[in-house]
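Here is a short note to read beside the model. Keep the viewer open and check each point as you go.

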Amino acid sequence: MGFGAEMFGGMGGGRSRGPLRTPDLEYSVELTLDEFYTGKNIEFTLPKEKLCDTCHGSGAKDPKAVKTCKTCSGNGFRIVTHRMGPMIQQSQEVCRACNGQGKTIAPADRCATCNGNKVVKERKKFSLFVEPGRELNEHLVLHGEAHQAPGAVAGDVVVTLHQKPHSHIQRVGHDLIVEHKLPLPEALGGFQFNLPHLNKRVLNVSSNEKGNIVKPGDIKKIANEGMPIRQQPGKRGDMYIKFDVEFPEGQFLDKTKIQAVSEALGQQKAGEVKVETKPDEMSDVIPVTLLDVNPNTFKNKREQKQKKRSAQGDPVQCAQM
């Protein structure tokens with residue numbers, strides 16, 4: 001029994017208020033961010049059912065061999081009466097003789113290609129161009145390309161677009177966000193670097209203003225270098241660069257270099273102590289030494305203390321940093 005017969009059996013034949021429609025077929029495809037930017041032609045194959053070419057969907061060698069079902073008089077369903085004590089109850093059920101189709105075909109008259117099922121199975125190859133700038137999780141519809149069934153409108157093939165993670169570029173709508181690390185000297189004194197774009201172009205990024213220090217977390221914008229905007233030729237979103245600053249590892253600089261950096265930044269002389277207390281409070285000032293702490297060890301220690309308090313019935317407070 002083919003898909004068409006199953007559908008008609010479940011729908012109840014002549015009771016439909018409008019043309020029957022077969023279910024949609026769904027397909028998901030995962031593209032790279034580069035392919036979303038430049039566009040991509042995708043090809044895929046789906047199993048489906050189509051009307052038999054030999055009998056043109058009649059299911060019989062000769063269309064005249066298709067007869068009206070005598071059991072349901074061509075309605076596809078029949079009324080069944082149930083007696084429950086003094087009460088009589090009627091219900092409607094799908095005709096089993098014709099499986100709800102209202103027509104029957106003698107075994108000898110069935111089409112040899114589809115065996116009377118009216119449809120045959122196939123694997124159809126589809127080709128679809130994903131235009132540049134398509135949205136994530138967007139649905140592309142191939143109308144009328146789903147299963148076929150006699151007397152029914154074919155549903156659609158619905159293709160859903162997903163994106164593979166990118167190594168260093170994030171997409172937010174039409175905009176692109178790039179995280180870039182700057183060495184401390186470049187953050188203080190200017191920078192220039194090459195940034196590979198999604199379509200193989202290379203953007204040469206530089207600080208335009210002298211003395212414009214870049215701080216950790218600063219964000220700069222490159223206009224019109226984001227994702228293409230569909231149906232607006234030449235127009236794109238923007239690209240945002242979020243900067244992180246790399247500080248050098250190891251010991252302090254020597255006093256001469258520290259003095260030079262301090263003077264360049266317009267700060268106090270090297271070695272001067274910045275006092276946050278009043279003069280009359282200086283007698284209570286105690287020198288202390290800072291020790292290195294492993295952040296993971298510190299975090300685990302706090303979590304263990306919170307679990308211990310929770311086990312003892314003490315309310316767990318939010319960590320204040």
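1. Two strands pair if DSSP finds at least two bridges between them. Strands here are DSSP runs of E, at least two residues long, numbered from the N terminus. In strand 17, Leu182 has Val245 as its bridge partner.

2. A word on the source. This is a predicted model, where local features need pLDDT of at least 70, side-chain atom pairs count only at pLDDT 80 or more, and totals for chains, interfaces and linings use all residues. Residues are numbered from 1 along each chain as its sequence is written, and side-chain values use heavy atoms, leaving out hydrogens and water.

3. Go pair by pair. Strand 13 and strand 17 run parallel, joined by 8 bridges. Strand 16 and strand 17 run antiparallel, with 4 bridges. Ile219 has Lys242 in strand 17 as its bridge partner.

4. Strand 12 and strand 13 (residues 175–183) are antiparallel too, over 4 bridges. Gln170 is opposite Ile177 in strand 13. Their hairpin has 2 residues between the strands, and Gly173 takes a positive phi near 65° there.

5. Which residues touch Val157? Contact means heavy atoms within 4.5 Å. Leaving aside residues up to four places away in sequence, the contacts of Val157 include Leu25, Phe44, Phe126 and Leu142.
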